[in-house]
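Here's a walk through the fold, one piece at a time. Have the model open while you read.

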Amino acid sequence: MEKPNMSYIQSMSGGDNAFEQKLITIIKAEFPEEKKVYYNNLKAKNYKLTAENVHKLKHKISILGLEKSYETAVAFENNLLEGSTTLQDEFESILRIMTNYLQQL
């Protein structure tokens, strides 16, 4: 499984540490809430809203440099729109990896 990293954030910042910290602070604030809403909508079997949650989360996946995980998220989002939860376990594994990484920052 690939590991989150700061490569994309660093390339966007051009070496501006204040910008990097601001972006990380925003991600750390938004991610837990977005993850919570995802789980609530999934539990309610509202797959259209769950797909919207995955859509939002996949941007954070990309920002954290998880290219293969981003592709998994895209496929899972499409599955949800078709009423299927195929790739749910893989996606939730990505969420756990991101959670652990953000807690260490």
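This is a predicted model: local features need pLDDT of at least 70, side-chain atom pairs count only at pLDDT 80 or more; totals for chains, interfaces and linings use all residues.

## Before we start

## How α4 and α5 meet

With that in hand, take α4 and α5. Their axes sit 10 Å apart, and the two helices pack at an angle of about 135°. Over 145 degrees would count as roughly antiparallel, so α4 and α5 are oblique to each other instead. Their crossing is left-handed.

Who does the touching? On the α4 side you'll find S69, T72, A73 and F76, and they meet Q88, E90, F91 and I94 of α5.

Between these two helices is a loop, and L87 is part of that loop. L87 isn't a glycine, yet its phi is positive, near 85°. That's worth a second look, because most residues other than glycine have a negative phi. As for accessibility, L87 comes out at 24%, which makes it partly exposed.

## α2 against α3

Next pair: α2 and α3. Here the axes are 9 Å apart and the packing angle is about 155°, so α2 and α3 are roughly antiparallel to each other. The crossing of α2 past α3 is left-handed.

The loop between α2 and α3 holds K45. K45 has a positive phi of about 60° although it is not a glycine. Is K45 buried or exposed? It's exposed, with a relative accessible area of 61%.

## α2 against α5

The crossing of α2 and α5 is left-handed. From α2, the residues involved are I27, K28, F31, K35, Y38, Y39 and L42; from α5, they are Q88, F91, E92, L95, M98, T99 and L102.

T99 is buried, at 15% relative accessible area. Leaving aside residues up to four places away in sequence, T99 touches F31 and K35. T99 and K35 are 64 residues apart in sequence, while their C-alpha atoms are 9.5 Å apart in space.

In soluble globular proteins, nonpolar side chains tend to be buried together. In this model the largest nonpolar core has 25 residues, and the members touching the most others are I9, Y38, V54, I61, L80, F91 and M98. Four helices, α2 (17-43), α3, α4 (67-81) and α5 (88-104), each supply at least two residues of this core.

Setting aside residues up to four places away in sequence, M98 touches F31, K60, I61, L64 and L66.

## A buried lysine

Beyond residues up to four places away in sequence, K60 touches I27, E30, F31, E34 and M98.

UniProt's unreviewed entry places the feature "modified residue: Phosphohistidine" at H55. H55 is found in helix α3, which covers residues 47-63. H55 is partly exposed, with a relative accessible area of 34%.

The unreviewed UniProt entry also carries the annotation "domain: HPt" over residues 16-105. In the model, that span is 84% helix and 0% strand, and its end C-alpha atoms lie 17 Å apart.

How values were computed
Residues are numbered from 1 along each chain as its sequence is written. Side-chain values use heavy atoms; hydrogens and water are left out. UniProt positions are given in the numbering used here, feature names are shortened, and annotations may be inferred rather than shown by experiment. Buried means under 20% relative accessible area, exposed over 50%, partly exposed in between (1.4 Å probe, protein chains only). A nonpolar core is a set of buried Ala, Val, Leu, Ile, Met, Phe, Trp, Tyr and Cys residues joined through side-chain atoms within 4.5 Å. Contact means heavy atoms within 4.5 Å. Axes are lines fitted to C-alpha atoms, for helices over the stretch in contact, and angles run from 0 to 180 degrees between N-to-C directions. Angles under 35 degrees count as roughly parallel, over 145 as roughly antiparallel, 65 to 115 as roughly perpendicular and the rest as oblique. A crossing is left-handed if the near helix is turned anticlockwise from the far one by less than a right angle, and right-handed if clockwise.
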